[in-house]
Amino acid sequence: MSERTGAVRTGLAARGVRSAWVLPASLALLAVLLVLPAVIPPFFTANILGRAIVFGIIAMSMTFLATYGGFVSLAQMMVAGIAGYTVAVLVPGAVPSIVGGVPYAVAIPLGLLAATAMGLLVGAIAVRTQGIYLLMITLALAVGVHLFIQTNIAWFNGYEGIRNVVGPEILGLPFRNTYVFYYTALVVAAVLYAMVLYVVRTPFGLALQGIRDNVRRVNALGYHAALHRIAAFGIAGFIAGWGGLLATFYNIGISPGTIGLGATVNILVMAVIGGLGHPIGAFIGALIFVVFDTFAADLYDRDRFNTLIGAIFLAIVLVSPDGVLGIARRLGRLLQRRPAAQPAEAPR
Amino acid sequence: MQAAPQVPALALHGVGRKFGALAAVGNVTLSVAAGERRAVLGPNGAGKTTLFNLICGDFPPTSGRVELFGQDITALPPHHRARSSVGRTYQTSLLFNGLSVMDNLVIAVRGAKPKRFSLALPSREDSAKAIALAERVRLDHLLETEVAQLSHGQRRQLEVGMALACDPRLLMLDEPAAGLSPVERPELLKLMRDLPRSITLIVIEHDMDIALPIADVVTVMKDGDVVVEGPPAMIETDPTVQAIYLGHGRAH
């Protein structure tokens, strides 16, 4: 029973966020992000906003599982990498060419399929674990796949990885174009974000939240909770897959380093900084992370980025265990002075 | 007792469950007729809840056979049993604390139907049924309230509402009156009395004032076995039961 308390907490937090203004706020944010590139330099558009959106997608796949299922999976960066590697192995022009010759229109769906399948596999392997054990088993899977890819030359070109994966042309424009990349990432993120908000209102998503709060009761009501759980990991794999594809095109290639332990921890840091209470937290966390990642060199010292982000992580988690979202919520409550709404301090 | 030509709603044949060396349920054989109201009494540790768990499949019995309306369900996993119309509540409320009353009921309603993986929004029919259930357990004014905010009594009511969602033929209530206030008790009693006879009801209850008025037959358990079984009038005067309960139930 005790492992439930943490999950229930995030669940309550999720409930606190889900209110009438989520849809208007999301649409307003989308509108801002649509026009922002007109007023900021291209560097900011691609390297700050664009990159934050891509990482945000991968972090959101983790947030989705944690917020609505109560499962913290450390395998999401690896799952994203599966999509990236699948495409890199298949498409023409990649260096070295491993399979090659498969057009992007075919390779991209295959990459998403592979990530979904990997998500399902991770879910199936971890299906009986909760809490710290789930964390460990997903971490082990992430590290295992990373090491396998790093040492496999024939399929993944080992340590070097696969370069020159330039991405598809969209409306006749190369993916490398800052605005093509940015708006593609934005549309993908918006659709996936809307998908998550929709899914959690369906019977499938409600049952997933039921599993988070009380697995035994879900089973007693006629659900096969284990299958539900595995399916949720599949959905998270699909989301992470999109992030993996975009990251691969952004980096013009993929190497084992981008899906290793460091990258895995970065995703966790983003998700936690933003707050595991609502999917938007993943994007907020990713933006904060990317800003510091980019400007650490100017602010402090390039090589000390980890110290800096570690300190920020500590500061945020100490001040607000549910991340920036939690801070925002507390501020909002202070301003509104509505003592009735206190979701985080509910009994048990 | 009444002649019951039809198959019993529930039949246990020598059902037992051991946890290591401890026999939580020893060797229980009992039969509950369709439409019957059965109360299961017994001191703490008598194996009443374990018996419920065996019936609804939370874990399998180590010996014996469980039959539901003549069908052997001993090996069925719990979610299949729920689909074959067994509804139950729990001694300590097992609800979905992070969700609203409405969402809790919708989950319960959908659990009894096919397409549990559906990615379409809950249908109007599902919502209507959830609201009807809320009315039945008098929570319809709290549909959008988060379950974590409900009072203890309201949580018990929601428990019953969720157990009714699968249109159960067999409803099992585990100490429904536990912790209820003197005002809430008669309401619960009325709720149980109003259940149609198409529902077979088994109630675990410590409180004889709740159990005896509704029961057709009372089963008294102690140390994992059935000690006495009979109509309420007989149970009230039975010396064995008095020996078990004196100082516990009636005497306070």
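## Aromatic pairs in chain A

A:Phe64 and A:Tyr68 sit four residues apart in helix α3 (residues 42-69) of chain A, so about one helical turn separates them. Helices here are DSSP runs of H or I with at least four residues, strands are E runs of at least two, and both are numbered from the N terminus. A:Phe64 and A:Tyr68 are both buried (under 20% relative accessible area, with exposed over 50% and partly exposed in between; 1.4 Å probe, protein chains only).

A:Phe175 and A:Phe249 have ring centres 5.2 Å apart and planes at 70 degrees, so this pair is edge-to-face. Rings of Phe, Tyr and Trp (its six-membered ring) pair if their centres lie within 6.5 Å; planes under 30 degrees apart are stacked, over 60 edge-to-face, the rest tilted. A:Phe175 lies in the loop between β1 (162-163) and α8 (178-199), and A:Phe249 in helix α11 (residues 225-250), so the pair ties together parts of chain A that are 74 residues apart in sequence. Both A:Phe175 and A:Phe249 are buried.

## Basis of the model

This model is predicted: local features need pLDDT of at least 70, side-chain atom pairs need 80 or more, and totals for chains, interfaces and linings use all residues. Residues are numbered from 1 along each chain as its sequence is written, chains are lettered from A and ligands numbered from 1 in written order, and side-chain values use heavy atoms, without hydrogens and water.

## Chain B overall

Chain B has nine helices and 10 strands. Its C-alpha atoms fill a box of roughly 55 × 40 × 40 Å along the principal axes. Of its 252 residues, 55% are buried.
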